[in-house]
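Here is a short briefing to read alongside the structure. Have a look at the model first, and then we can walk through it together.

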Amino acid sequence: MLFLTNNKHIKKKLLILVSALTLNTAHASELTVTISWNPSEVKHGESSTLTWNSSNAATCELNDKPNAIRGTWVGNNRTNSLSSTLKCFDVNGSAISATAQLIVRKLPTATIKWEPSEIAHGESSLLTWHSTDATTCLMNGQSRATSGSWLAKNRVNSQSVSLKCTGVAGSSSTQTAELTVRKPPTVDIKWLPSEVAHGESAILSWSSTDATYCLINGQERAPNGNWLGKNRTSTQHVSLQCKGLAGESEVKTATLTVRKKPTVSIAWTPAEVAYGESATLTWHSEDATSCDVNGQPRSTSGSWVGSNRTSNQTTTITCTGLAGTSDAVVANLTVHQKPTLALSLSPKTACLNSPQSFSWISHNATNCHNATGEQIGLSGNRQIDTGFVQNGLTQLTCTGKGGTVTSSAEFNVITCHSQPTIERLKVFNNDVEVFSSDDVQPVSEISHPSILLSEPSLLTIELTTNENENTSCELNSSNTFSKTSNVHSISIMPAYLSEEITISCHSPTANSTTKKLIINATDLPLLSAVSTYLSQPLKVGITIEDNDYTDPYAGYRLSSYYSQIHNLFSRSELYEQSDVFNLTNLQTDQLAEYLINTSEAYFEPCGDLAEKQLVPPYTQCRYKNKIGNEPYYRWTSPAYSDNNGEFYTNHWHYEWRATAGISKAIKTLLKKHAQTVNCPAATTDKPSDYINELSTISTSFSFNIRCRAENVRKLIAEQVWQKWSNEAYLATLGSSWMAIQKSNVPHFIARANIVEDMLISTAYPNFDIYNANENSSYQLSDAFTMLTAGETANITCRTTEGETCYWRNTNEPFHVTNSTDLNHSVDTVLALNSSSNELYCDRNGCLNLALLANTLDQVTWNQNIRQFDWFLNGYCINNHVQTNNGPLDSQTDKEKMESFCADYWNLPPSNVSLQGWVELAKYNRNLMIKMRSLPLNQAYIIPLYLSLLNQ
């Protein structure tokens, strides 16, 4: 700012002020510079920022190049140290400078090498290493100097050495030095396999390392190779040696052993013996490791003394060795049987002056003679003149290689009377005459509406014979008529809807007279019950309901686990005897549909409800998919359990009960539809899919029923039988003790036998019977132990060695009763009945079903309460008074059973338990009367009706 004034005094002061301002300005214009790196020291590749500033500078130069008087610059990826100089100038040309140093630390470098890098086995090599910018080094992980060398002597293996060094700026890359040590060759040679049978082939395989060529038995070969030796007939030794840059290998040998096919000999000494004598069986083999004699494992050579030989014996031996199995060699032992002699008189009591003859037949005899030594034939007949003797004795002796036998027979000669005759026959029902005839025919049929089974009639049969004081009459050869003069009478109750009885009257000195009566009875309550049963709807089972699933077997899924076996048994018998019940073709076809659909439903999954654990209570469903790698499907838990878990140890109870009933149904269907058809193989395990597949092939009802039944039979064999006989699989579940062949529970064994019976009787081609060398039905014998006494039989519980037979739990030790209970033995009886044999025989003997019927009639029936006892031998009849009222733990096994009998004394056995037993009533008319006296029940109405028909 410019001030103008003429005042001198003021001018002087202004000059002083300007001078002062000038001096202050000169002091404030001093030139300064600053420059720095931040940070001033970095590692190789890192960054640093250069900052510079100046004051009172007009211009600046950075490293001799014009630049701003102040500023910053980032130096990225610094690789070298750097010196930066800032030089600035003021307006007067004066200059000042400053320098900033940036130190860049470099990464270490490392080098390593072997000299020489390749040596022979046992030679030496020098390892040398060097580094820069390093503070430490690691060689194969071990600390070493940053530079150095090491002489490695007597090297026997190739070696790799790594070096990595570390410095301020970081670590070097890993450097590797390889030392190659040339080794002497190694060799290996072998035959594959090392042992073969005569005439078979083997591969000679050899290999080597560090070899340039090889010698096999002196012949040059490649270092590695294979050679097929065909048709080897003798043992062979082969040697191998290989050569390489480092020398020769050791010599190795491979031996091929050629085994000969076993040879065997066997003989009985002597080859012929008399009955009861001994013979020695001797066998010898060569080139064998094991032998089987009649299927039993034996040593490769040996002998055995067979004492007390009673029958011819054929002994077969085969031996197995490394080269295979020998041809079967047979040794026959001939046992000369004891002679047998059958001598008979006809008649044993002869009338005076009538011919008396005797006949004889012998076996295993070479000659026969009478009491006087007269030689007679080995068989024949002769007559004796009875007019000269009153009593006689005839005796014959026969001799053979097996010994001597003598037989004799006595006969009597008496004065004879005429044959008895039946002159009149009358039948009364509760004192009302319902039949009368003075001309008695060989067969008389009696029908009258008053003869009832529901309210048992009492029939009195009255006979009048010709006058003969020695005449007596019997009913069915067991019940004797009472007699007043020549009138004979007996009272009976009708037992069946139609029954044939035999009346025989005889005199000891004359031929008997026999007549037959057919008694027809009426049973309106039974017919009404049968009619009600036939009118019931078939589809009463469960329907699986789910939002994303439509049940193809709606109404066919049985919820009761008893129904699985008993309902299917009754329906199967109804279908099998459809003509007896006068079923129409439509009704018969509907029954077939019911049987096949109910059977298929067992194998049909319920969508994925099982996997989702959403199966309704008391419903059983197969899983849609197999679990993991398991070969079999799983089902939900059995109906008697509230636990719908995926699988557990008691599941066999349900599977065997259900499959037994299904097997009965399938057997019936296959027997009724026995035509030969070519059924297509199912492409899935879902029966509903198979139905759809069949619909595209044929619309024939019989064809479809047959094929569907065959498909279920296959599923039974694959998913039930094979599962429960596969011990290895069951062991993975901790359930190997439940295998069929290990079961000791009678009713489980019986159900398995029903399944087996179906597979055998319908000739399933792919069914592999467990232990097929035994009787195919041998296991059923394990379900019972027969105790016979007179005309009755008792079944006891079978146990394995060291075990006690607790059938349901330890509170019911049924073994104390020495008998089965009727509820659990019904499965055994059903299995026996399914065999269709009145005499069931297996390897342990025979069981007469009539004896079981007699047992129920004479022993099991409790006359006091007019019910069957809970046990076959009537145990509770004398043991139903409770003697210990304390806790069960304080009771003995016998006291527990007394408590059991006391609880159930007035309760009849389960109705379903009588299903099998009513079928036995056809063997015993008294039992049939007792069975009919019980209240009718739908559970067994069909087999009861068939038994009343004597079907």
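Of the contacts between residues at least 6 apart in sequence, 61% join residues at least 24 apart. Keep in mind that this is a predicted model. The protein has 15 helices and 61 strands, and buried residues account for 43% of its 951 residues.

**Surface**
- The accessible surface of the protein is about 47300 Å², and carbon and sulfur atoms contribute 48% of that.
- On the surface you will find a nonpolar patch formed by Leu192, Ile203 and Leu228, which together have about 250 Å² of accessible area.
- Leu228 sits in strand β23, covering residues 225-229.
- With a relative accessible area of 44%, Leu228 counts as partly exposed, because that class lies between the 20% limit for buried and the 50% limit for exposed.

**Nonpolar core**
- The largest nonpolar core holds 106 residues, and Ile461 and Ile666 have the most contacts inside it.
- Leaving out residues up to four places away in sequence, Ile461 touches a set of residues including Leu425, Val427, Phe481, Ile490, Ile503 and Leu517.

**A buried glutamate**
- Glu499 belongs to strand β52, which spans residues 498-507.
- Its relative accessible area is 7%, so Glu499 is buried, the cut-off being under 20%.
- The Glu499 side chain reaches the backbone nitrogen of Ala495 at 3.5 Å.
- Beyond its neighbours within four places in sequence, Glu499 is in contact with Pro494, Leu517, Ile518, Ile519, Arg925 and Asn950.

Notes
Residues are numbered from 1 along each chain as its sequence is written. This is a predicted model: local features need pLDDT of at least 70, side-chain atom pairs count only at pLDDT 80 or more; totals for chains, interfaces and linings use all residues. Side-chain values use heavy atoms; hydrogens and water are left out. A nonpolar core is a set of buried Ala, Val, Leu, Ile, Met, Phe, Trp, Tyr and Cys residues joined through side-chain atoms within 4.5 Å. Buried means under 20% relative accessible area, exposed over 50%, partly exposed in between (1.4 Å probe, protein chains only). Contact means heavy atoms within 4.5 Å. Patches are made of residues with over 30% relative accessible area and no salt bridge: like charges are joined within 9 Å, nonpolar side chains (Val, Leu, Ile, Met, Phe, Trp, Tyr) within 5 Å. Accessible areas come from the Shrake-Rupley method with a 1.4 Å probe; for residues, only the protein chains shown count as cover. A salt bridge is a side-chain nitrogen of Lys or Arg within 4 Å of a carboxyl oxygen of Asp or Glu. Helices (H or I, at least four residues) and strands (E, at least two) are DSSP runs, numbered from the N terminus. A polar contact is a pair of N or O atoms within 3.5 Å; within protein, one must be able to donate a hydrogen and the other to accept it, and residues adjacent in sequence count only if both atoms are side-chain atoms.
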